[in-house]
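Please read this report with the sequence and the structure open beside it.

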Protein chains: 2
Amino acid sequence: MVKKIGIIGLGNVGSATLKSLAEYSSLVSRRTSLKIEIKLACDLRKGKGKIAAKYGVAFTTDVSKVLNDPQIDTIVELIGGIEPAYSFIKEALLKGKNIVTANKALLAERGQELFFLARKVGKNIGFEASVCGAIPLIKSISEGLVSCEIKKIYGILNGTTNYILYKMGQEKIDFSSALRRAQKKGFAEKKPHFDISGIDTLNKLCILSYLCFGVWPSLKRVYTEGISKIDMLDIVYAEELNYRVKLLAIAKRQGKFLDLRVHPTLVPIGHPLSGVSSTYNAVYLDTQPAGDLLFYGRGAGGMATSSAVISDIVSMSLDSKISERKKENIILKNITTVRSRYYMRFMAYDEPGVLAKVSKILASQHISIASVTQKEKLRRKFVPVIMITHAAKESDMQKALLRIDKLSVIKSPSQIIRIEDF
Amino acid sequence: MVKKIGIIGLGNVGSATLKSLAEYSSLVSRRTSLKIEIKLACDLRKGKGKIAAKYGVAFTTDVSKVLNDPQIDTIVELIGGIEPAYSFIKEALLKGKNIVTANKALLAERGQELFFLARKVGKNIGFEASVCGAIPLIKSISEGLVSCEIKKIYGILNGTTNYILYKMGQEKIDFSSALRRAQKKGFAEKKPHFDISGIDTLNKLCILSYLCFGVWPSLKRVYTEGISKIDMLDIVYAEELNYRVKLLAIAKRQGKFLDLRVHPTLVPIGHPLSGVSSTYNAVYLDTQPAGDLLFYGRGAGGMATSSAVISDIVSMSLDSKISERKKENIILKNITTVRSRYYMRFMAYDEPGVLAKVSKILASQHISIASVTQKEKLRRKFVPVIMITHAAKESDMQKALLRIDKLSVIKSPSQIIRIEDF
């Protein structure tokens, strides 16, 4: 069977997909009897024609030629961003094409509408490449775990931030040095805001929320905290306490309630997620009845991601079972109601009574302390104090923090990092 | 769409599948519009009828009633072992039924014949549950990585042996104590030979070999070494050298050559496989272009495995793309030609000249030593000597070992464990 596709966008993933198909499509044919043929590749940048020519693929800068080609059955959108990707996908669906996309930002923002439209016109949207690049996570959840309830998701979904946190700990360097190193290595963009701020992780969490719970959350309602506030000291102290700092996407289903969050988190050393280093991605799932599962691999990189794109093209050709997820009866939890243990770091003046003042405030907010360590004096006259608390409510912690940071003995702002006990 | 199935074998996985379908089939219907109906369950043991009755499923002890029911489209074989499972599956295929099975021993031994027959009659065999229980590994490799070359597989495929090795290190107990503990916890059978000897791991490696390379190896031709020879000391010393001892299934494709092996292996601490503890399973794949991937989860347990069984039933109903793998032009490598680094442990008499004698033999076999540690004397007059070698050929190592163990200063037999550098 011959499958004719069109590709829009010849950036990193787009050009890698051309290369991958050139190198591995004979393997696909041998395994599935399917022959994938790229009928037309499109990019607004004329210069990209060279890449298409290299792989013997017809090229155009006119997207309507791809959208209107009746022989093209599936359109692979690899532009990224909201527009014009959104308009192209919408038009393609209305013209009866299936879609394969790696566009997490678009799906997180307009996924609900696009999946609704796809169902209306009886077409499919393949999105394996949108979360965790090369890891066959979408297929594993939607098909492999088709009979499972997903109770919890913990994901390291962004390679840039994982690399920065990893380097800060490994080389004992601060955030901005680690960021520069990531940029030098090509692991972070020049404008790294989307990664650093946790937005990219949030986008992917939204897609997983749809897949696992049928819920497209409003992006603004999901608590999202990036990594720029993490001090190298925190990573060192956490390590001494047997924890690693990871930027986690968290989803917990508790009956009708769904707790979605993105924030730096202390992960116990020994937990499989704690060992996910460098630019790797991993997703840990707590399910019934399959138990806990971990999927680990490359989350980015053109060639790695192209394998997910091709897997979607093949799956779409051989069946049509990526059915629309039904919305479940679920209420989004606000982070202020969430309970967890906390790592706290105060920079205190080295004078008597500091601990008494801090612990009095914590006690008044029903927060009890599990351990305290006072470190050697550093940075002129400040003394770092590290606390681990027992489980406490986020709103109580926030109130305590406001009051603690107003103490004259504390150099504000203090640091809190949530601990997950898995 | 309603899908009528028959289940043969109501042991651990069989009865869990009934329970799972009772609890989660409404979830499956909501997600896929597929209604799975168990038309008939069968077990030779009359007493198993109670389990069927509990879930409102019709029961018979006469397998021909299942095989001859024209309404049953898919037969789920959960008996285990070669016969009568083999005859039932063969008959079922000839009667035009699809098969879902968890039977790794049967597939490893007769898989080639059964898959050939399935293709001839245009039916499918789903075998997700046969390797790594709840982990959607078969689907991930066959569909998610459809465009990828698998270059290397490293698998912890047996929960019993992983638990024993883990407990030996964690509690500093010897092999037989750890085995008894595993038996007490229900993690090892009363007759644990299949697990301990590596045969169960070998069976699963054969299935992965078929899936990844299209090759069904002859079981006898794959080097297989179990864990009963591992001493608690080895685990302790390996840990001091920053390694964990794991029973690995290894497959490496090098051009035309395929290197398949099962043996205890030193895995560097920090590698994702080193952290796979207790009864967990994990598979690490080195692929092109998807890079390296790890899949981790429960490898056994009835309820966990039932999710793989149900996933196969669903996949089979919605498509028919688990195509037969083509045999590739591949030659099995003999372990004697394999090169690796080695951990060696000698129990030597505490007298001068021991190291000189041992290292002379190693040098004469072209084996060079990377590090030596002589431990405190223990167990009467023996001194443990630990060596790490540079890469050496297995046949050279075996020859050296024979000669070393004949030395009068050595308490025979010495220990070797292969090191994988990943």
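## Helix H14 of chain A

In H14(A), the buried residues are Glu394(A), Ser395(A), Asp396(A), Met397(A), Ala400(A), Leu401(A), Ile404(A) and Asp405(A). The structure is a predicted model. Among the elements that cover the buried residues of H14(A) are strand S14 (339-349), helix H13 (354-364) and strand S16 (382-389) of chain A. Strand S17 (392-393) and strand S18 (410-419) of chain A also belong to this cover.

## Helix H4 of chain A

Which residues of H4(A) are buried? In this helix, residues 85-94 of chain A, they are Ala85(A), Tyr86(A), Phe88(A), Ile89(A), Ala92(A) and Leu93(A). Viewed down the axis of H4(A), the buried residues fall within an arc of 165°, so they line one face of the helix.

Just after H4(A), Gly96(A) has a positive phi of about 85°.

Val121(A) lies in helix H5 of chain A. Apart from neighbours within four places in sequence, Val121(A) is in contact with Leu93(A) and Leu94(A). Is Val121(A) buried or partly exposed? Its relative accessible area is 31%, so Val121(A) is partly exposed, given that buried means under 20% and exposed over 50%.

## Two buried residues

Asn158(A) sits in the loop between strand S7 (149-156) and helix H7 (159-171) of chain A. With a relative accessible area of 4%, Asn158(A) is buried. Its side chain makes a polar contact with the side chain of Asp195(A), at 2.7 Å, and another with the side chain of Asp200(A), at 2.8 Å. Leaving out residues up to four places away in sequence, Asn158(A) touches Asp195(A), Asp200(A), Thr201(A), Lys204(A) and Asn281(A).

Ile417(B) is in strand S18 (residues 410-419) of chain B. Ile417(B) counts as buried because its relative accessibility is 1%. Not counting residues up to four places away in sequence, the residues that Ile417(B) touches include Ile230(B), Asp234(B), Val245(B), Pro264(B), Thr265(B) and Leu266(B). Arg341(B), Tyr342(B) and Tyr343(B) are also touched by Ile417(B).

Most residues other than glycine have a negative phi, and most peptide bonds are trans.

Gln288(A) and Pro289(A) are joined by a cis peptide bond, with omega about 0°. Pro289(A) is in the loop between strand S11 (280-288) and strand S12 (291-298) of chain A. A cis peptide bond also joins Glu83(B) and Pro84(B), with omega about 5°. Pro84(B) is in the loop between strand S4 (74-77) and helix H4 (85-94) of chain B.

Ser33(A), which is not a glycine, has a positive phi near 60°. Ser33(A) is in the loop between helix H1 (12-32) and strand S2 (35-42) of chain A. Cys132(B) is not a glycine either, and has a positive phi of about 60°. The place of Cys132(B) is the loop between strand S6 (125-126) and helix H6 (137-144) of chain B. At 1% relative accessibility, Cys132(B) counts as buried.

## How the two chains meet

Chain A is superposed on chain B by a rotation of 180° with 0.0 Å of shift along the axis, and the RMSD is 0.0 Å. The two copies are therefore related as by a two-fold rotation axis. Which residue of chain A comes closest to the rotation axis? Phe295(A) does, with its C-alpha at 2.5 Å.

In the interface, 48 residues of chain A contact 48 residues of chain B. Arg31(A), Val146(A) and Tyr296(A) supply 17% of the area that chain A buries against chain B, more than any other three residues. The area buried between the chains is about 4,300 Å², with carbon and sulfur atoms giving 56% of it. Of the interface residues of chain A, 100% are also interface residues in chain B, so the copies meet through the same surface.

Key. Residues numbered from 1 in each chain as written. Chains lettered and ligands numbered in written order. Predicted model: local features only at pLDDT ≥ 70, side-chain atom pairs only at ≥ 80, totals over all residues. Heavy atoms only, no water. Buried < 20%, exposed > 50% of the residue type's maximum accessible area, 1.4 Å probe, protein only. Helix = DSSP H or I, 4+ residues; strand = E, 2+ residues; numbered from the N terminus. Arc of directions from axis to C-beta. Contact = heavy atoms within 4.5 Å. Polar contact = N/O pair within 3.5 Å; in protein donor to acceptor, adjacent residues only side chain to side chain. Least-squares fit on C-alpha atoms with pLDDT ≥ 70 in both. Buried area = accessible area lost by both parts, 1.4 Å probe.
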